[in-house]
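Good morning, and thank you for coming.

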Amino acid sequence: MSEASPFEPPHRPIPDAPSGEPPRATGNAAQHAAGDAAGHAAENAAAVNTLRVGVLRLARRIRHQRVDRSMGLAELSALGTLHRCGAMTPGELARKEHVQPPTMTRIISQLQDRGLVRLEPHADDRRQKTVTPTERAEEMLQATRAQTNAWLAGLAAQLDDEEWALLRGAAPVLHKLAHL
């Protein structure tokens, strides 16, 4: 038998099984169960591939909807994080953005040059600074969000009722995946 696929759903014991293990299938039932597992693994692999392609293509199209196209995606992402999470130190921002501190220092400098963030003394540690988005940054983020949401709403309007219901149900799951 081949190695288990990483796309197989996790094994969940059947509640009535005395040892917590599912009953073992024998003969034709065992072969049928193995075929089902392989079928699910193949379906899951196909779903993951479709999700990857769809998310990448949609993300690429969304990037073109931003208000200020001269701003890099790393800068826009850092601003979005500051908007969602509030003011923080450059080190905290680097961790949240999954970049090295020197990279975040460069990003902050670029945002500061554009008047989108300001560095302020840290409330508890005078050796540190806190990065805070400016009102101009908030306005730019709001305009970008509005433009992108309008574009996405236009795409969603092309879906039928069943597809739109599926998308509404999937939205929280996609949000969770993005933040794992």
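Predicted model: local features only at pLDDT ≥ 70, side-chain atom pairs only at ≥ 80, totals over all residues.

Residues are numbered from 1 along each chain as its sequence is written, and side-chain values use heavy atoms, with hydrogens and water left out.

Let us take the whole chain. The protein chain has six helices and two strands; helices (H or I, at least four residues) and strands (E, at least two) are DSSP runs, numbered from the N terminus. Read from the N terminus, the order of elements is α-α-α-α-β-β-α-α. Of the 180 residues in the protein chain, 21% are buried, where buried means under 20% relative accessible area, exposed over 50%, and partly exposed in between, with a 1.4 Å probe and protein chains only. Among contacts in the protein chain with a separation of 6 or more, 52% join residues 24 or more positions apart; a contact means heavy atoms within 4.5 Å.

Next, the helix packing. How are α2 and α4 arranged relative to each other? Helix α2 (residues 73-85) and helix α4 (residues 101-113) pack at an angle of about 85 degrees, and their axes are 10 Å apart. Axes here are lines fitted to C-alpha atoms, for helices over the stretch in contact, and angles run from 0 to 180 degrees between N-to-C directions. The two helices, α2 and α4, are therefore roughly perpendicular; angles under 35 degrees count as roughly parallel, over 145 as roughly antiparallel, 65 to 115 as roughly perpendicular and the rest as oblique. On the α2 side the contact is made by A74, E75, A78 and L79, and on the α4 side by R106, I107, Q110 and L111. These residues divide into five nonpolar, one polar and two charged. In this classification Ala, Val, Leu, Ile, Met, Phe, Trp, Tyr, Cys and Pro are nonpolar, Asp, Glu, Lys and Arg are charged, and the others, Gly among them, are polar.

Helix α2 also packs against α5, at an angle of about 105 degrees with the axes 11 Å apart. That makes α2 roughly perpendicular to α5. From α2, the contact draws on L76, L79, G80 and H83, and from α5 on A137, E138, M140, L141 and R145. By class, the contact of α2 with α5 has five nonpolar, two polar and two charged residues.

We come now to the strands. Strand β1 (residues 117-121) pairs with β2 in the antiparallel sense over five bridges; two strands pair if DSSP finds at least two bridges between them. L119 stands opposite V131 in β2. Strand β2 (residues 129-133) is mostly covered, with four of its five residues buried.

T89 lies in the loop between α2 and α3 and is buried, at 6% relative accessibility. Beyond residues up to four places away in sequence, T89 touches H122, Q128, K129, T130 and V131. T134, in the loop between β2 and α5 (135-156), is also buried, with a relative accessible area of 12%. H98 has a positive phi of about 60 degrees although it is not a glycine. Most residues other than glycine have a negative phi.
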